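Open it alongside the text and follow the points in order.

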Amino acid sequence: MKKLFNTLVISTMVLLTACGGGGNEAKPADNGGQQQQPAASAGGSVTLKVGHTLADTSHYQKGLEKFKELVESKTNGAIKIEIFPNGSLGGERDMIEGLNVGSIDMVLTSTGPMSGFVSEVTVVDLPFLFRDADHAHKVLDGEVGTELRSKVESTMGVKTLGWWENGYRNVTNNSHPVTKPEDLKGFKIRTMENDIHMDSFKALGAQPTPMAFTELFTALQQGTIDAEENPVPIIMTSRFYEVQKYLSMTRHFYSPSLLMMSQAKFDALTPDQQKAIEEAAIEAGKFERDTVAEMEIQYLEELKAKGMEIIEPDMQPFVDAVKPVYEKYEPQFGKELIDKIRNTQ
Ligand code: EAX
């Protein structure tokens with residue numbers, strides 16, 4: 001009887017495995033734990049979800065809405081883009097990690113939190129590195145930017161679709177006007193999870209507190225931090241004017257952004273669809289950069305009207321104060337690369 005029972009159990013297990021295995025064999029191979037979606041050419045449509053941490057009125061959102069419009073038009077709807085703002089898919093670091101494990105299709109993120117993934121890319125986060133946004137665009141859209149994208153792709157195994165823009169970062173606080181580095185002394189200032197940003201504010205005499213963007217508004221509201229630094233479009237669209245009184249136009253970091261995609265999801269598309277995605281990313285990226293420039297002018301006036309006190313400090317003392325940051329990081333990035341970036345015309 002026992003022998004018969006064992007035989008029945010083993011047979012059942014073999015039968016179930018065979019069915020399960022056949023089913024698995026029919027599906028595309030797993031890729032890092034994710035099932036590749038069949039290419040839309042199979043007749044179905046593919047929906048790609050893109051996450052970001054900013055408000056649904058932000059420059060990221062506007063750029064991604066343009067990207068959505070272009071992709072859906074170029075593929076006649078075979079690819080649909082769904083945008084998830086407000087950190088609804090997680091903070092930037094979480095979403096970057098999600099690209100590799102298959103939980104995130106696409107992310108628009110600043111390079112700030114990428115220091116833990118690809119240290120080379122954070123050369124762009126050095127203080128006062130770029131003369132202005134036009135200089136930054138020339139560097140990022142040229143040889144240096146292309147090499148940095150390749151480094152991100154080879155190190156992280158993700159697909160980069162283009163350099164977009166977060167913008168020049170400025171210091172806000174609730175205590176007093178910041179007109180010189182000494183005014184930052186002792187400030188608990190939230191920074192991105194980025195060593196260069198933290199070292200820069202230490203050199204300025206502040207106490208940097210790394211924190212995901214998704215936690216920032218609450219921390220400002222509760223007063224657990226004194227200050228933060230972000231571009232004007234974010235100070236407006238994330239309503240920091242409600243919890244910060246002073247805005248000092250330090251423009252201490254130019255913050256670029258990268259639109260990135262799961263490599264497996266990209267590989268699952270047809271060549272024509274891949275071309276459409278890449279073209280749309282470049283075109284929408286240019287639109288997004290223009291949106292940042294427009295928002296910076298428009299929102300500065302609106303922030304004043306909302307009661308923020310805007311300060312235009314003399315920046316030379318700040319530039320002098322962060323010189324030790326270059327002494328520390330030049331060996332890592334190489335003087336040649338830093339000079340190449342600075343000398344780009
Ligand atoms: O990338 O974390 C930040 O302050 C960034 O500016 C924001 O997440 C947009």
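1. Let us start with one residue. Valine 50 is found in strand β3, residues 46–51; helices (H or I, at least four residues) and strands (E, at least two) are DSSP runs, numbered from the N terminus. Because its relative accessibility is 0%, valine 50 counts as buried, where buried means under 20% relative accessible area, exposed over 50% and partly exposed in between, with a 1.4 Å probe and protein chains only. Its contacts (heavy atoms within 4.5 Å), leaving aside residues up to four places away in sequence, include Leu64, Ile81, Phe84, Met106, Val107 and Leu259. Valine 107 is 57 residues from valine 50 in sequence, yet 5.2 Å away in space, C-alpha to C-alpha.

2. A word on the source. This is a predicted model, in which local features need pLDDT of at least 70 and side-chain atom pairs count only at pLDDT 80 or more, while totals for chains, interfaces and linings use all residues. Residues are numbered from 1 along each chain as its sequence is written, and side-chain values use heavy atoms, with hydrogens and water left out.

3. Now the overall picture. The secondary structure comes to 13 helices and eleven strands, and 51% of the 345 residues count as buried. Of the contacts with a separation of 6 or more, 75% are between residues 24 or more positions apart. The accessible surface is about 15300 Å², and carbon and sulfur atoms hold 53% of it; such areas come from the Shrake-Rupley method with a 1.4 Å probe, and for residues only the protein chains shown count as cover.

4. Move on to histidine 52, which is found in the loop between β3 and α2 (59–74). Histidine 52 is buried, because its relative accessible area is 0%. Its side chain makes a polar contact with the side chain of glutamine 61 at 2.8 Å. A polar contact is a pair of N or O atoms within 3.5 Å; within protein, one must be able to donate a hydrogen and the other to accept it, and residues adjacent in sequence count only if both atoms are side-chain atoms. Histidine 52 also touches Asn86, among others.

5. That brings us to asparagine 86, in the loop between β4 (79–84) and α3 (92–101). Most residues other than glycine have a negative phi. Asparagine 86 is not a glycine, but has a positive phi of about 60 degrees. With a relative accessibility of 46%, asparagine 86 counts as partly exposed. Phenylalanine 128 also has a positive phi, of about 55 degrees, although it is not a glycine; phenylalanine 128 is found in the loop between β5 (106–110) and α4.

6. Which residues of helix α4 (residues 133–140) are buried? They are His135, Ala136, His137, Val139 and Leu140. Their cover includes α5 (143–156), β6 (158–173), β10, α10 (271–305) and α13 (335–342). At the start of α4, a side-chain oxygen of aspartate 132 comes to within 3.2 Å of the backbone nitrogen of aspartate 134.

7. Next, the aromatic rings. Rings of Phe, Tyr and Trp (its six-membered ring) pair if their centres lie within 6.5 Å, and planes under 30 degrees apart count as stacked, over 60 as edge-to-face and the rest as tilted. The count by this rule is seven aromatic pairs. Phenylalanine 213 and phenylalanine 240 form a tilted pair, because their ring centres are 5.9 Å apart and their planes are at 45 degrees. Phenylalanine 213 lies in the loop between β8 (207–210) and α7 (216–222) and phenylalanine 240 in the loop between α8 (232–237) and β10 (246–262), so the pair ties together parts that are 27 residues apart in sequence. Both phenylalanine 213 and phenylalanine 240 are buried. Elsewhere, ring pairs link Phe130, Tyr168 and Tyr254 into a cluster.

8. A polar side-chain atom of asparagine 166 lies 2.8 Å from a ligand oxygen atom, and an N or O atom in the side chain of arginine 190 is 2.7 Å from an oxygen atom of the ligand. Taken alone, the ligand exposes 270 Å², and the protein buries 99% of that.
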